[in-house]
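Hi everyone, thanks for coming.

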Amino acid sequence: MKEETYIRIENVTKSFGGFKAIDQVSLDIPQGTFTTLLGPSGCGKTTLLRLIAGFYEADSGTIWIGGKKVNGIPPYKRNTPLVFQEYALFPHMSIAENITYGLKMNKTPREKIKAKLKEMLEIFDLENLGQRLPKQLSGGQQQRVAFARALIMGQKILLLDEPLSNLDAKLRVEVRNELRSIQKRLGITAVYVTHDQDEALSMSDLVAVFDKGSIQQIGTPREVYFRPNSRFVAGFVGTANFLEGKVVDSTAEKIVVKYQEFVLYLNNDNAAQKGDKVTLVLRPECLSIDKEEHSKIGPRNTMKGKITESSFWGRVMRYWVEVGNIQLIVDDSNPAYHGDFQGEVQIILDPGKIHVFKNITLPKTLPNDENLSLGNYQETTF
Amino acid sequence: MLEINRLKSEPVLLLTIMAALSITVFFVVWPLIKVITFPKPQEYLRVLADSIWYQAALNSLFMVVISTASCTLVAFLFAYTIVRLDVPLKGLFRFITLLPIVSPPFIVALSYILLFGGQGLIAKYILHITIDIYGWRGLWFVQTVTFFPYAYAVIYSTMQSIPANLEYAAYNLGASRWSTFKDVFFPLCRPGVAGGALMAAMNVLADFGNPLMIAGNFRLLPTEAYMQMIGVGDLSTAAILATALLVPALGLFLINRYWVGQRSYVTITGKEISLPPMKVLLLVKWGLFALCLLISIVIIGVYGVLFYGSFAKLWGYDWSFSWGNMVYVLNKGKEIGNSLKFAFLSSLFAALFALLLAYIVQRKQVGLNRVVDFLAILPGAIPGVFLGLGFAMAFNEKPLAMTGTSAIMVIALMFWNIPTCYSASTAGLQQIGNSVEEASLNLGVGPFRTFKNILLPLLRDSFVSGLTVSFLRSITCLSVVIFLYSAQTAVSTISILGLVQNGEWGGAAAFTTVLVSIAFTALGVVCFLFKKQGKSLEI
């Protein structure tokens, strides 16, 4: 991917009172991509979006849109249509009036407005609702009006502030796909704010993971999921087990990591060297589980443990397995009506799916080597 | 620093804020200063040492205590019955709680005289007794009936926001009816009860019309201030008494504002499922119903007797039907015209100016906001008597001499009504999320057109409701205007007072009936227009 940068954020800082909402953030958003700002609430992702839209002015740093510096330009001159989390439809205007408001105000000829309105109503399946008031529509319909009102402006950019958070789970998945295909078709540069990792991974070309006002990692969905650069990213994007071990042997391709009594043979993605302390990120679905006596692979890359708890989720069966003095989360993605695992089991690690990073970015707040009783960091998933 | 930079880039906003602030200071703060500083310090000492005035202050305090207590109790009973009980005639009860608010402040006193006075319908012709109705007992009754609706409005809105689910939760945990009421329901009502009591207390303290008519020799601060100025011409004593009234009034106001007044505007999401309230004991239910009914009948009696008096030939002597009083009133077209004109202009200006102030405070985050906010609500703390006196003293000389003009009447009533309109506009603005405006800006529409296209239409309802309440208050106002009117600018309430003082009950009753009819017509029209759009008027 070698697209041209359309939105460039350069060392932007924004404080509210004494609170730094955005701290020295830089981000290049390529033209025509779908970029997601992902992070927990209060991490600064919405602030950055509002800085782009001009509702806030940066304290320092520069924002460029389409090669033009936009600092100091008021929101109504920025041409950055935004879809609000709570839709912000004008309650006293009909759906048609809502959608065409921006065009009417910039004196677009009436015929053109009419044609564009028709097109929008069609795209968003609102054909017979033009004369209704927002409150007469369902949440999903209101959401589509909000999209239409922003898209009708015909700008090359679309900002979205958690637009799906007020929809129910099923509808959210549908709108997600719809939105992505519209964005691709129109070639719009979309900046999407969400705290929902599923949304971020499924829709984006690029994900920027935020925490405490800074970007922790920028990458494709696969990169941030399989190659997280920190515990925070690994834990926030999906569920992860962490093991902290020591490299006892290494080559350019392979490393051997010792963790407690277990010896693991892994790929060397991060140029780890003998003696390095490393953190292993084990996704629950990248581990497999088997009865102890069925073990075929032998001792290599297996760990013995005992199931302490399990939970049936439909498409997966989740197990909590005690291994040494920590607990690992393991998902069996092929559960059956009968035959849950119980008691003593062994866990098999697939070296190709285990991510290793060196312990340099370890935040202070996380447990160190001695007290690893809580070996995983879990955020809501599924 | 940032703020000043921001305002520099918005010179129109800066100028508007400065202008609004100066106008408010000039018409609110300046009269205050004028009254307080008019008497010399030694005059303060002389007046405060005089036992007559000391007694008047004590009497005022006494009335505040007993009338507030009775108002709050009646208000609580009404609110509980209307919010929580499944009884008939609720519509009537609601209407009853609205009546005194839209009526002239002395209406209950006037009916009370018509019923129990020397020529009273009940005293003279039914019970055949002569009682001295002038004094604190009569005033207590009259103030309770007049001011309980103010307490009711606050208690009602608090009570209504308490979900019955909380009580079900208490029952579910094994609590009895009484302990649920005592431990769950009442504590949740307490802010409303406190706020309602303060509303009643402020009104009782500043009450002018009722004591003037029936307090007799029972001296109170507002009436004495008036007597000193108009009767004796002693401006210093009047100013001191008014100031003595202002101090507790401000105190009550500040308590209300910063202690119990921190109400949150909860928007109804429609998601929460609220269960119907649990049924109470039959005895309690019908006992409360009977009480409310009794009070309602008394209040209907108050208005009924006025109506009757308007068409009786000579009250107390000849009860036969006559148009005489009505004809007399309609000949007083000038006063009625003045009332309408001043009330309309003052409420319109108040609503417009208050909208501007509310917009500045709610939407433009500048540090002057707290000052603007305080000044906008301050007139609500100032008793009408004080405001009237203040305008009379401050604007009878340069730089702005307006004594006896229509302008002074309109401006005084306008500022008297600013808090009402300001609260309405503020509540309206708070209900419109910032993002609605931002959405308009985001679509390329500048701030001015956004204000015009988005905010103004959405604020129309709160604007009209503020305007309506102000109109009703202005047309029935006595305390402010009594210090300011001239022969050319006399209004209906002044004429009614004159008729009462001359013992012309029939004329007074007829005049009041006409005034109340105008008020109700205005209210009816607005309610009708709201209803047509499927909304209800919030008063």
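Let's begin with Asp28(A) and Arg8(A), whose side chains form a salt bridge with an N to O distance of 3.0 Å. Asp28(A) sits in strand β2 (residues 19-30) of chain A and Arg8(A) in strand β1 (residues 5-16) of chain A, so this pair links distant parts of the chain, 20 residues apart. By salt bridge I mean a side-chain nitrogen of Lys or Arg within 4 Å of a carboxyl oxygen of Asp or Glu. Helices (H or I, at least four residues) and strands (E, at least two) are DSSP runs, numbered from the N terminus.

A word on the ground rules: this is a predicted model, where local features need pLDDT of at least 70 and side-chain atom pairs count only at pLDDT 80 or more, while totals for chains, interfaces and linings use all residues. Residues are numbered from 1 along each chain as its sequence is written, chains are lettered from A and ligands numbered from 1 in the order in which they are written, and side-chain values use heavy atoms, leaving out hydrogens and water.

Next come Asp59(A) and Lys14(A), which meet in a salt bridge at 3.7 Å, N to O. Asp59(A) lies in the loop between α1 (45-53) and β4 (60-65) of chain A and Lys14(A) in strand β1 of chain A, so the pair ties together parts 45 residues apart in sequence. Asp59(A) is partly exposed at 43%, whereas Lys14(A) is buried at 12%.

Then there is Lys118(A) with Glu122(A), a salt bridge whose closest N and O atoms are 3.4 Å apart. Both belong to helix α3 (residues 110-123) of chain A, and because they are 4 residues apart, about one helical turn separates them. Lys118(A) is exposed at 56%, while Glu122(A) is partly exposed at 42%. Over all chains, the count is 14 salt bridges.

Now for the sheet. Five strands of chain A form an open, antiparallel sheet in the order β15-β19-β16-β17-β18. Its edge strands, β15 (287-291) and β18 (326-332) of chain A, each pair on one side only. Pairing requires at least two DSSP bridges between two strands. Strand β17 (residues 317-323) of chain A pairs with β18(A) in the antiparallel sense over 7 bridges. Arg318(A) has Asp331(A) in β18(A) as its bridge partner.

Key. Buried means under 20% relative accessible area, exposed over 50%, partly exposed in between (1.4 Å probe, protein chains only).
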